[in-house]
Amino acid sequence: MMNKLIFGRYIPGNSLIHQMDPRAKLFASFYFIGIIFLANNWQTYLLLAAFTFFAIYLSKINLVFFVRGLKALIGLILFTVFLQVFFTNGGTIYWQWWIFRLTEYGVTNGIFIFCRFVLIIFMSTLLTLTTLPLELSDAIESLLKPLKALKLPVHEFSLMLSIALRYVPTLMDETEKIMNAQRARGVDFSEGNLIQKMKAIIPLLIPLFVSSFTRAIDLAYAMEARGYQGGDGRTKYRKLEWQLLDTITILVFVLLTALLILLRK
Amino acid sequence: MDIRFEQVDFTYQPNTPFEYRALFDINLAIKEGSFTALIGHTGSGKSTLLQHLNALLKPTKGTVSIGERVITPQTDNKNLKPIRKKVGIVFQFPESQLFEETVEKDIAFGPQNFGVSLEEAKQIAKDTLKLVGLDESYLERSPFDLSGGQMRRVAIAGVLAMQPEVLVLDEPTAGLDPQGRKEMMDMFWRLHKERGLTLVLVTHLMDDVADYADYVYALEKGRVVKEGTPSELFQDVDWLYEKQLGVPTATQFALKLQEKGMKFAQLPLTPQALADEIIRQRGEGDE
């Protein structure tokens, strides 16, 4: 079950992308999603695609894993592309039937939407494949800091996030373990109709809830026993370091934006 | 029902960067009615191996024969239920698998999955609960209100209720107090002796191996590195210490005596054997 889940996993490595400051990576990923909407012709899409593949090349991770990450979302992508292709008006009409209409604009729009999806997914997969979950949560905390002025509980939020991320693998293992135990008692998770399958989930879900709550209580006690009282006055052990590489990346993104604006119609 | 492994390899998540090879060329046989122990370090592949015993995992190479059924890498996941009924597995900390509202329902869950009627399953639940040392008053209670040790018993009862021919135990006494530990092992021993249940025990406790097992497989880094009866295995003391597996308490004591000049033709494994040997040698000395 867990074998297919590539998106959201970390592949250890020592490439340039791995070494970047997680804040820079997180910011760059969101920024990329922003500027992808600037692209509106084939030159701009080509530029963005070249940029994405160059980033993947730099990460030294096999392209196969990115393509696999795409598989989970292929339904959504095709659905959107389908809507774009058959419900866009304008340009030469190639084919028409009932409410469906294949037009010149529709086809180009479809292709662009497809590229947009793929590039966004590739970029976010690149982020998670090259960044440790803990680094990511540090980066989020750091980027959210300005919100403290608005009285938002940034510390609590980031603590929640790092605990949640820390327990994803543990819960995955636990799920696997309970699933095996119930399979050994005759539960079939993959057979039967929808209702039977949903019923088979109960022996998995209830023990998982129980163990999560038990674990939360134990962890809370253990944290208090070690002197935790909340965010005020706490120091940080893991410090993020902004390097030349990160500045360069940001500059590259500025350059990319300028090029996009220049090339778009 | 015999279980036989022939040149079994197993790899987790093959062809991904997370690929991990857990078993290498495993050959072993668990004979009907035997008490087999699996020992080895954490991460030596014990848990992976035992999941092959009821086809929760399929070998990536080689074959596993479970009674009549032969499991190969090509075997599909259908119709494995009969195997799971015959081979019951009690996983580590089995209390985490409890989920029903009452103890009775939870124990009856397994049998019902294998087609036993509700009435019959309830009767089985009642009987098995007695077997694990809890009285009938527990039947209507919620499993989550019980103590850790009681939950463990209920979970084990849930597996016993399926009336398996082979029972696989993955450190069944981990985290129990000494009394509970002894009661539980005695219970398994009784089942083994009285009902001819085939037992497979995964353990770190060499005393349990010495007391109960009639054959031992030692695993290291996914390979079987030594096998034999406990008395054969525990003669090679240096090897066991080198592998950090240790020897039974009685054997340790005998080794101390050996340093002081006492001689043993064969190192005793249990306190009883040690006592007998000491009495015998003293007797000879007196004459």
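The model is predicted, and local features need pLDDT of at least 70, side-chain atom pairs pLDDT 80 or more, while totals for chains, interfaces and linings use all residues. Residues are numbered from 1 along each chain as its sequence is written, chains are lettered from A in the order in which they are written, and side-chain values use heavy atoms, without hydrogens and water.

Rings of Phe, Tyr and Trp (its six-membered ring) pair if their centres lie within 6.5 Å; planes under 30 degrees apart are stacked, over 60 edge-to-face, and the rest tilted. Over all chains, the count by this rule is 16 aromatic pairs. One of them joins A:Phe53 and A:Phe122 edge-to-face, with 5.9 Å between centres and 85° between planes. Helices are DSSP runs (H or I, at least four residues), numbered from the N terminus. A:Phe53 lies in helix H3 (residues 42–59) of chain A and A:Phe122 in helix H6 (residues 104–130) of chain A, so the pair links parts of the chain 69 residues apart. Buried means under 20% relative accessible area, exposed over 50%, and partly exposed in between (1.4 Å probe, protein chains only). A:Phe53 is partly exposed because its value is 37%, whereas A:Phe122, at 4%, is buried.

A:Phe209 and A:Phe213 are stacked, 6.5 Å centre to centre with 20° between the planes. They are about one helical turn apart because 4 residues separate them in helix H9 (residues 194–225) of chain A.

In chain B, the charged end of B:Arg223 sits over the ring of B:Phe24, 4.3 Å from its centre. This label requires CZ of Arg or NZ of Lys within 6 Å of the ring centre and within 35 degrees of the ring normal.

Technical notes. Helix = DSSP H or I, 4+ residues; strand = E, 2+ residues; numbered from the N terminus.
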